[in-house]
Amino acid sequence: MGESWSFMNIDLHTGARAFAMASMSLDRIAMSPAFRVEQFEPKIKKGSWFLTREGKWWVKYPTEECRAIVETAQDRLPKDRSFVFFDDAKSDRANCLRAGYFAKRMAVRFRKLFSELDKRSWLNEKTRIYALGDGLYFDGKPIHLFRHTMAQYYLAVTNWSLAYVASLGGWENTEILNKCYGGIPEHIKAQIARSLHVKFDTMNLNTAAMIQSIKF
């Protein structure tokens, strides 16, 4: 269960897809000067290669809570491990197969756990639509559900900072995040509007005057 707990929590903090999570390598984790993880996403084809797959490395700066989880997981590992979740098989192809096998094994575990939960108690409305609309994520791709859940939680705690969450989770742009994972709710838009104070009648829109005021 410790392995499943570490996997789930790291994924909830990074929003990685299944292969990216399963294939995390220890040499791509930096604890200082700033905590940083690099995860390889084969779905995004950008010309890099890792474990025989083409994709892209995402550099992420997760929270201190995630750092504590990674440190706990590392403390439990043999010192000669190359990967966080499986022993190095000494070849890219074999390691790729191991990562795939590990991801499937985790999916089986989480599918069983999810089947015993009240699905309405912990899913944001946007995530619920994707996860439960046809059962695709909740029943078929439970690891991917962490990606949706991460997006919802991080959007909420950052007051819907789409740019930050996109960079953390590895979305190529905010449009995808906004459309598929949760746009800014109406009550947040209203909250932001109340906090802004723009007085147009005091603004000088004369370019020449603005330049003069800057110079002098």
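Buried means under 20% relative accessible area, exposed over 50%, and partly exposed in between (1.4 Å probe, protein chains only). The model is predicted: local features need pLDDT of at least 70, side-chain atom pairs count only at pLDDT 80 or more, and totals for chains, interfaces and linings use all residues. Residues are numbered from 1 along each chain as its sequence is written, and side-chain values use heavy atoms, without hydrogens and water.

**View 1. Arg-147 in helix H7.** Helices are DSSP runs (H or I, at least four residues), as are strands (E, at least two), numbered from the N terminus. Arg-147 is buried but has no salt bridge (a side-chain nitrogen of Lys or Arg within 4 Å of a carboxyl oxygen of Asp or Glu). Glu-41, the nearest side chain of opposite charge, is 4.3 Å away. The Arg-147 side chain reaches the backbone oxygen of Gly-169 at 2.9 Å. A polar atom of that side chain lies 2.4 Å from the backbone oxygen of Gly-15.

**View 2. The open four-strand sheet.** Strand order is E1-E2-E4-E3, with antiparallel pairing (at least two DSSP bridges between two strands). E1 (29-30) and E3 (48-50) are edge strands with a single partner each, so one side of each has no neighbour in the sheet. Five bridges join E2 (36-41) to E4 (53-60). Gln-39 has Trp-58 as its bridge partner in E4.

**View 3. Phe-85 and its surroundings.** Contact means heavy atoms within 4.5 Å. Beyond neighbours within four places in sequence, Phe-85 is in contact with Glu-3, Phe-7, Ile-10, Met-21, Ala-22 and Phe-102.

Methods
Lys and Arg count as positive and Asp and Glu as negative; His and the chain ends are not counted. A polar contact is a pair of N or O atoms within 3.5 Å; within protein, one must be able to donate a hydrogen and the other to accept it, and residues adjacent in sequence count only if both atoms are side-chain atoms.
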